[in-house]
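The sequence and structure come next.

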Amino acid sequence: MNKIRTFLIVLLVATASTIKAQENMKNRTLTAKQQHLVNIVGYTTTINQKGLSKALDNALNQGMTINEINEVMGHLSQYIGFPRATWGSYIFMTVVESREKEGKVTQRGRNASPIKEDRSRYEMGEKNLSKLTGQTVEQSRQGISRFNTRLDQLVKENLFFNLFSNDLFDYQERELIAITALITCEPMEVISTEGHIEIGIKNGLTEAQIRELLDIIETNFGKKMAETGRTLLDNVTNTMEQKSEIFPKGNPVKLPNFTGTAYVADIMENYDDFDVIISNVTFEPGARNRWHSHPGGQVLLVTSGEGYYQETGKPIQLIKTGDVVQIRPNVEHWHGASPHNQMSHIAISTGVAEGVPVWIREVTDEEYGSYK
């Protein structure tokens, strides 16, 4: 019995710590510098001279340097083309000249650190690409890179060596530039935009930061752009969430004890006589199991999403990420996802030697829809 308690405590602490860390990361927002980057990139991409001049002046007033903004234009050239980036640089030059005439302080800023590396520009570009995307060098040489070796050379030497080796901006800031450029450039290239959103998240940009970026785009550059960006962000985060689940999603349930689509992955099947069975259960929106009971009781740890739990004679409870549900032996109950949200939970069936679950009947649509 002590072994069971120890196992459950470790599992609870690990799950709670992971959830708390994820929630803290989600709440991070853009810094003032990052907000300036979004505006500079957006006004350059949309070729808005008045807006760009004002955004550049504001950025310089609040501490950005000439070298940093020149680097923005250099990075932008790889996503919106040299003509538009050159136009942006020309507008920037006129802003700096105007400030000098007015006697305003404009900082040149530091230069990028020198690169000390024995490898070729191409090899360094491959190294930076692997660090950015998580791909191996061999993976980065497949597909279009193998088909068009000249393009592969230009991309890795110019973009991933020249720009990503420059330490005036970190990878998060460079992906912020790329994401903003791709969303504000019409027509938007969906696959590339989704790819950069995912890379940005993998390199530390949070969902909250990208949503704030999209709010700025809606205010300054257009609602349609922002709405499309939000759809792409939702697609990316949903896909990444499925890929990065703490426990495997498992296989679709093909038993009559579930309504809708659900998945189950067995984590522990009474190993070493612990007298517990542990599973990861994922319910798609609207899915639930039947009314049932466990002779030995059960504990549910909700790891993601939002769902319902109900015991006989009691109203439905809303359960969500981080909630723990304790179910006494032989208590009739059911649980599942809410109508519009997926839910995953760890199901710990205790006292399994007392007997198998007793399945009773389906949860009717009226019962399921009675949550208030």
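Glu-332 sits in the loop that links strand S9 (324–327) to strand S10 (333–337). The model is a predicted one. Setting aside neighbours within four places in sequence, the contacts of Glu-332 are Trp-291, His-292, Ser-293, Gln-310, Glu-311, Thr-312 and Ile-360. Val-358 is 26 residues away from Glu-332 in sequence, and the two C-alpha atoms are 8.8 Å apart in space.

The loop between S9 and S10 also holds Asn-330. Asn-330 is exposed, at 53% relative accessibility. Its phi is positive, about 65 degrees, although Asn-330 is not a glycine.

Asp-275 also has a positive phi without being a glycine, here near 70 degrees. Asp-275 belongs to the loop between strand S3 (262–269) and strand S4 (276–283), and its relative accessibility of 25% makes it partly exposed.

Another backbone feature concerns a proline. The peptide bond that runs from Glu-186 to Pro-187 is cis, and its omega is near -5 degrees. Pro-187 is placed in the loop between helix H9 (171–184) and helix H10 (190–202).

Where in the chain is Gly-229 found? Gly-229 is part of helix H12, which covers residues 223–243. Its relative accessibility is 0%, so Gly-229 counts as buried, the cut-off being under 20%. Leaving out neighbours within four places in sequence, Gly-229 is in contact with Ile-183 and Leu-214. Gly-229 and Leu-52 are 177 residues apart along the chain, and 21 Å separates their C-alpha atoms.

The accessibility values given above are collected here.

| Residue | Relative accessibility | Class |
|---|---|---|
| Asp-275 | 25% | partly exposed |
| Asn-330 | 53% | exposed |
| Gly-229 | 0% | buried |

The largest nonpolar core has 54 residues, and the members that touch the most others are Ile-40, Leu-213 and Ile-217. Not counting residues up to four places away in sequence, Ile-40 touches Leu-52, Ala-55, Leu-56, Ala-59, Met-64, Ile-69, Val-72 and Met-73. Another core lies apart from the largest one; it has 14 residues, including Phe-258, Ala-287, Ile-319 and Ala-347.

The C-alpha trace spans about 85 × 50 × 40 Å along its principal axes.

Of the 372 residues, 45% are buried. Among contacts between residues at least 6 apart in sequence, 73% join residues at least 24 apart. The accessible surface of the chain is about 19500 Å², and carbon and sulfur atoms account for 51% of that area.

Technical notes
Residues are numbered from 1 along each chain as its sequence is written. This is a predicted model: local features need pLDDT of at least 70, side-chain atom pairs count only at pLDDT 80 or more; totals for chains, interfaces and linings use all residues. Side-chain values use heavy atoms; hydrogens and water are left out. Buried means under 20% relative accessible area, exposed over 50%, partly exposed in between (1.4 Å probe, protein chains only). Contact means heavy atoms within 4.5 Å. Accessible areas come from the Shrake-Rupley method with a 1.4 Å probe; for residues, only the protein chains shown count as cover. A nonpolar core is a set of buried Ala, Val, Leu, Ile, Met, Phe, Trp, Tyr and Cys residues joined through side-chain atoms within 4.5 Å. Helices (H or I, at least four residues) and strands (E, at least two) are DSSP runs, numbered from the N terminus.
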